[in-house]
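Q: Please take a close look at the charged side chains in this model. How do they pair up, and where do they sit?

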Amino acid sequence: MRLDKYLKVSRIIKRRSVAKEIADKGRIMINGKVAKSSSDVMTNDELVIKFGNKTLTVKVNELLETTKKDDAERMYTIVKEDYAQDFRQEN
């Protein structure tokens, strides 16, 4: 399955066009290699997605063509979630 479609179907990113834009800027890696939006995603792959302040690492559990909201969470497991600067801390 294409990377941009996987991110949309799994609901990690809400729109496929946004997933394509992020991937084409080099902010997504599959198993340690920079990925394009057309890169293939397989089960057991590890995706590292760099949002603005957050870096999300997920493991692909399964590939589904379409999902309901409850099924989308089964498609991946969050391995790690890092923040460059944590704004959630209280002063």
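A: Start with Asp-4, which is buried, at 3% relative accessibility. The cut-off explains the label: a residue counts as buried when its relative accessible area is under 20%. Keep in mind that this is a predicted model.

Now look at the partner of Asp-4. Arg-2 forms a salt bridge with Asp-4, and their closest N and O atoms are 3.1 Å apart. Arg-2 is partly exposed, with a relative accessible area of 34%.

Step back for the count. The whole structure holds nine salt bridges. Another one of them joins Lys-25 and Glu-21, at 3.4 Å from N to O. Lys-25 counts as exposed, with 53% relative accessibility. Glu-21 is partly exposed, at 47%. The line between these two labels is 50%, because exposed means over 50% relative accessible area.

Next, follow a bridge between two strands. Glu-81 and Lys-54 form a salt bridge, with their closest N and O atoms 3.4 Å apart. Glu-81 lies in strand 5 (residues 76–83) and Lys-54 in strand 4 (residues 54–60), so the pair ties together parts that are 27 residues apart in sequence. Both ends are partly exposed: Glu-81 has a relative accessible area of 37%, and Lys-54 has 24% relative accessibility.

Strand 4 and strand 5 are antiparallel and pair over seven bridges. Here Lys-54 has Tyr-83 of strand 5 as its bridge partner. Keep the two kinds of bridge apart: Lys-54 has a salt bridge with Glu-81, but its strand partner is Tyr-83.

Strand 4 has another neighbour. Strand 3 (residues 46–50) pairs with strand 4 in the antiparallel sense over five bridges. A hairpin of three residues joins strand 3 to strand 4.

Lys-8 sits in helix 1 (residues 3–9). Lys-8 is partly exposed, at 40% relative accessible area.

Note on methods:
Residues numbered from 1 in each chain as written. Predicted model: local features only at pLDDT ≥ 70, side-chain atom pairs only at ≥ 80, totals over all residues. Heavy atoms only, no water. Helix = DSSP H or I, 4+ residues; strand = E, 2+ residues; numbered from the N terminus. Buried < 20%, exposed > 50% of the residue type's maximum accessible area, 1.4 Å probe, protein only. Salt bridge = Lys/Arg side-chain N within 4 Å of Asp/Glu carboxyl O. Pairing = 2+ DSSP bridges.
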